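Please read them with the structure open.

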Amino acid sequence: MKNSKMTLSAETMNLDFVRKVEKLSGSSVSRCFQCGKCSAGCPMRSYMEHPPNRIVRLLQLGQFERVLAGRSIWYCASCETCTARCPNKVDLAAIMDALRKCSWDAKGASKESLVQLANKIFLENIRTYGRQYEMRLAAVFNLQSGKLLKDFMLGPKLMSKGKLKMFHQKNKNIKEIERIFRRIEELREKGEAL
Ligand code: SF4
Ligand code: SF4
């Protein structure tokens, strides 16, 4: 998708989608006046087809297909620089999170969304063990992404340095962690969390 020949279309305009993103992120896109400070500070800008300020502009115009088609939302590192730099308090990092959720809901897994798969397994581990379990994270990710031998040779090196453990003990505060996850689920059911 070339940026130089961008044609916006009324057929692809979907303001309901924009409202959903605003509700999930808790941030209004209409506040943006396109100063570009977000994009100027974004460390992932060079990997994105659409810089952060253009993502907001496309949302203002309801161009959800164009936003979700690119890989920009998946290259965002959630560093929150854009949010911190915005003079109008547009929480772009939260908008990027909401867009990834909407993309996953609408289109499921894609090559770019493997990062979402890694996030999902990461959180499953936190919920189950109360801390990260790197061995399981790598094994389940490789299985579910179909990349069975990804980073396979790194395993023995990490184990020899004590960075990767075969077995894992649960965090003793696991009940408290479960309570946090349940609370987030309740908020999600009400549409108040991602
Ligand atoms: S949160 Fe994402 S979009 Fe914002 S500056 Fe960081 S990498 Fe860029
Ligand atoms: S910094 Fe804020 S106001 Fe400026 S372009 Fe980015 S989102 Fe819009």
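This is a predicted model: local features need pLDDT of at least 70, side-chain atom pairs count only at pLDDT 80 or more; totals for chains, interfaces and linings use all residues.

1. Residues are numbered from 1 along each chain as its sequence is written, and chains are lettered from A and ligands numbered from 1 in the order in which they are written.

2. The protein has eleven helices and zero strands, taken as DSSP runs numbered from the N terminus (helices H or I, at least four residues; strands E, at least two). Its C-alpha trace spans about 55 × 35 × 30 Å along the principal axes.

3. The domain assignment gives domain 1 (15–106) and domain 2 (114–189); such bounds come from an automatic or database assignment. The C-alpha centres of domain 1 and domain 2 are 28 Å apart.

4. Of the 194 residues, 21% are buried. Here buried means 20 or more other C-beta atoms within 10 Å of the residue's own, exposed means 12 or fewer, and partly exposed lies in between, with C-beta atoms placed from the backbone.

5. Beyond its neighbours within four places in sequence, Leu99 is in contact with Val21, Val67 and Ile73, contact meaning C-beta atoms, placed from the backbone, within 7 Å.

6. On H1, the buried residues are Val18, Val21, Leu24 and Ser25. They lie on the same side of H1 because they cover an arc of only 130° around the axis, the arc being that of the directions from the helix axis to the C-beta atoms. These buried residues pack against H3 and H7. Exposed Leu15, Asp16, Arg19 and Lys23 sit on the face turned away from the buried side of H1. Just after H1, Gly26 has a positive phi of about 70°.

7. Ligand 1 is surrounded by 14 residues, the closest being Cys42, Cys76, Cys79, Thr81 and Cys82; a residue is near a molecule if its C-beta atom, placed from the backbone, lies within 6 Å of it. H6 (81–85) and H7 (92–107) each supply at least two residues of this shell, and H7 gives the most, with three.

Definitions and conventions
Two residues are in contact if their C-beta atoms, placed from the backbone, lie within 7 Å.
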